[in-house]
Amino acid sequence: MASRFELKKSKNDKFVFNLLADNGQVILTSELYDSKASALNGIESVKKNAPDDGRYARLSAKDGSPYFTLKAGNGQVIGLSHMFSGEKARDDGIASVKANGPGAVTDDQTA
C-alpha cells in the first residue's frame, strides 16, 4: 500500500488528516480545520515542507517521551507525531515523513 493522506471529518464537523506510511501506520496528524479547503491546504503544506529538516521540532513530553512537530514556513505547526519509545524511533518517524509526505496521495473520506 502506498503512503497517503487520509482526510476525515471529526465528530464536531471539523476536518483532520493523517499521513500514513506504506505500512498503514499513522506518522503525522494535523490540527482540526474548520473547512475542507483549509485541511487540503494543510496537506499541500506538509508535502512542501516535509523534506526540509529545519521544519521539524524534536521535542519531549513531560514524561520524557520523544515526539516531533512539522512547521510551515510561517512557523505554524501543521502536523504532530505520536509519542515514541526513544529518540531513534522519533528520528525514524521524521525520516518516514520526509520520505512519504511529498508524494503521498490524498484519500478523501469526507464524502
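In which sense do strand 2 and strand 3 pair, and over how many bridges? The two strands pair in the antiparallel sense, over three bridges. The model shown is predicted, so local features need pLDDT of at least 70 and side-chain atom pairs count only at pLDDT 80 or more, while totals for chains, interfaces and linings use all residues. Residues are numbered from 1 along each chain as its sequence is written, and side-chain values use heavy atoms, with hydrogens and water left out.

**View 1. The chain as a whole.** The secondary structure comprises two helices and seven strands (DSSP runs numbered from the N terminus; helices are H or I with at least four residues, strands E with at least two). Along the sequence these elements follow the pattern β-β-β-α-β-β-β-α-β. The radius of gyration is 13 Å, which agrees with the value near 13 Å for a compact globule of 111 residues (taken over C-alpha atoms; the globule rule is 2.2 Å times the number of residues to the power 0.38). Of the 111 residues, 42% count as buried (under 20% relative accessible area; exposed means over 50%, and partly exposed lies in between, with a 1.4 Å probe and protein chains only).

**View 2. The hairpin of strand 2 and strand 3.** Strand 2 (15-20) and strand 3 (26-29) form a hairpin with five residues between them. Two strands count as paired if DSSP finds at least two bridges between them. Leu 20 has Val 26 of strand 3 as its bridge partner. In the turn, Gly 24 has a positive phi of about 90 degrees.

**View 3. The hairpin of strand 5 and strand 6.** Strand 5 and strand 6 run antiparallel and are joined by three bridges. Val 77 in strand 6 is the bridge partner of Lys 71. Five residues lie between the strands of this hairpin, and Gly 75 in the turn has a positive phi of about 90 degrees.

**View 4. Helix 1 and its surroundings.** Helix 1 (residues 36-49) has 14 residues and reaches 20 Å from its first C-alpha to its last, close to the 20 Å expected at 1.5 Å a residue (the expected span is 1.5 Å times one less than the number of residues). Ala 39, Gly 42, Ile 43, Ser 45, Val 46 and Asn 49 are buried in this helix. They cover an arc of only 160 degrees around the axis, which puts them on the same side of helix 1 (the arc is that of the directions from the helix axis to the C-beta atoms). On the other side, Ala 37, Asn 41 and Lys 48 are exposed. The buried residues pack against several strands, including strand 1 (4-9), strand 6 (77-80) and strand 7 (105-108).

**View 5. Asn 49 in helix 1.** Asn 49 lies in helix 1 and is buried, with a relative accessible area of 6%. Leaving aside residues up to four places away in sequence, Asn 49 touches Arg 55, Leu 70, Lys 71, Ala 72, Gly 73 and Ile 78 (contact means heavy atoms within 4.5 Å).

**View 6. Helix 2 and its cover.** In helix 2, Arg 90, Gly 93, Ile 94, Ser 96, Val 97 and Asn 100 are buried. They cover an arc of only 155 degrees around the axis, which puts them on the same side of helix 2. Glu 87, Lys 88 and Ala 99 are exposed on the other side. The cover of the buried residues includes strand 4 (56-60) and strand 5 (66-71).
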